[in-house]
Amino acid sequence: YASRAAEKLRRFDMRACAMQVFMRTNAHNDDPKYSNGVSFALEATLDSRDLVAAANNAAHALWREGYRYAKAGVILIDLYRPEDLPVADMFATREPSQSEALMATIDKLNTRFGRDTVSAGGVVKRKAWSMRRSNLSPSYTTRIDDVMQVRVL
């Protein structure tokens, strides 16, 4: 989620200065219930590596063994354009120009070759679930090829 949120940040040329991470179980079954979240400040960033690392650390702190989680997420808050940042960060942990160049290259590769072609280190994408499309209903109103043809005899 953090990696995808970082892509959207870069698309709008924004920087996140805070993040919220949450997770919860299903409220509508008989499993044990758990819901928790945490919000925290970040160094102003659009770097996927920073956001994924921060979200991962928060998720490890929130995780409780023995629960079946139904929902988790990341919310980026306190967003700024680079020129609107309250204070220029003299003590940045990453070189902003190098970080922006790397992220721009990753975004170009993902645009050209498909999403998640290149992703933040440590992110493992599993293709465990996908929709069955064999019984998909025709899209009569949105695809000209699916419009029914009627012949008069």
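The following exercises, each with a worked solution, concern a predicted model of a protein.

**Exercise 1. The overall layout**

Task: Determine how many helices and strands the protein has, and in which order the elements run from the N terminus.

Solution. 
Step 1. Count the elements: the protein has 3 helices and 3 strands.
Step 2. Follow the chain from the N terminus; the elements run α-β-β-α-β-α.
Step 3. Consider how the chain contacts itself. Among contacts with a separation of 6 or more, 73% are made by residues 24 or more positions apart.
Step 4. The accessible surface comes to about 11,800 Å², and carbon and sulfur atoms hold 53% of it. Of the 153 residues, 24% count as buried.

**Exercise 2. The cover of helix 1**

Solution. 
Step 1. Helix 1 spans residues 2-11. A residue counts as buried when its relative accessible area is under 20%.
Step 2. Take Ser3 as an example from helix 1. Ser3 counts as buried because its relative accessibility is 8%. With neighbours within four places in sequence left aside, Ser3 is in contact with Ser48 and Val52.

**Exercise 3. Buried, partly exposed or exposed?**

Task: Classify Ser99, Asn57, Asp13 and Asp78 as buried, partly exposed or exposed.

Solution. 
Step 1. Recall the cut-offs: buried means under 20% relative accessible area, exposed means over 50%, and partly exposed lies in between.
Step 2. Ser99 is placed in helix 3. Its relative accessibility is 8%, so Ser99 counts as buried. Apart from neighbours within four places in sequence, Ser99 is in contact with Asp47 and Arg49. The C-alpha atoms of Ser99 and Ser48 are separated by 9.3 Å, although these residues are 51 residues apart along the chain.
Step 3. Asn57 belongs to helix 2. The relative accessible area of Asn57 is 56%, and therefore Asn57 is exposed.
Step 4. Asp13 is in the loop between helix 1 and strand 1. With 36% relative accessibility, Asp13 counts as partly exposed. Asp13 follows helix 1, and its phi is positive, about 50°, although Asp13 is not a glycine.
Step 5. Asp78 lies in strand 3, which covers residues 69-80. At 39% relative accessibility, Asp78 counts as partly exposed. The phi of Asp78 is also positive, near 60°, in a residue other than glycine.

**Exercise 4. The largest nonpolar core**

Task: Identify which members of the largest nonpolar core touch the most other members, and which element gives the most to this core.

Solution. 
Step 1. The largest nonpolar core holds 19 residues, of which Leu9, Met19, Val21, Leu51 and Leu76 touch the most other members.
Step 2. At least two residues of this core come from each of helix 1, strand 1 (15-25) and helix 2 (48-62).
Step 3. Helix 2 gives the most to this core, namely 6 residues.
Step 4. Examine Met19. Not counting residues up to four places away in sequence, Met19 touches several residues, including Phe40, Leu42, Leu51, Ala54, Val74 and Leu76.

**Exercise 5. The cavity**

Task: State how many cavities of 30 Å³ or more are counted, and describe the lining of the largest cavity.

Solution. 
Step 1. The count comes to 1 cavity of 30 Å³ or more.
Step 2. The largest cavity holds about 80 Å³ of space.
Step 3. The lining consists of Ser3, Glu7, Arg10, Ser48, Met103, Ile106, Asn110, Asp116, Val118, Ser119 and Ala120.
Step 4. By residue type, the lining divides into 4 nonpolar, 4 polar and 3 charged.
Step 5. Helix 1 and helix 3 (96-113) each supply at least two residues of the lining.

Notes. Residues numbered from 1 in each chain as written. Predicted model: local features only at pLDDT ≥ 70, side-chain atom pairs only at ≥ 80, totals over all residues. Heavy atoms only, no water. 1 Å grid on protein atoms, 1.4 Å probe; cavity = no way out; pocket = protein on both sides within 12 Å on 5 of 7 lines; lining within 4 Å. Points joined across faces, edges and corners; volume = space filled by probe spheres on them. Helix = DSSP H or I, 4+ residues; strand = E, 2+ residues; numbered from the N terminus. Nonpolar A, V, L, I, M, F, W, Y, C, P; charged D, E, K, R; others polar. Buried < 20%, exposed > 50% of the residue type's maximum accessible area, 1.4 Å probe, protein only. Contact = heavy atoms within 4.5 Å. Areas by Shrake-Rupley, 256 points an atom, 1.4 Å probe, with all protein chains shown as cover. Core = buried A, V, L, I, M, F, W, Y, C linked by side-chain atoms within 4.5 Å.
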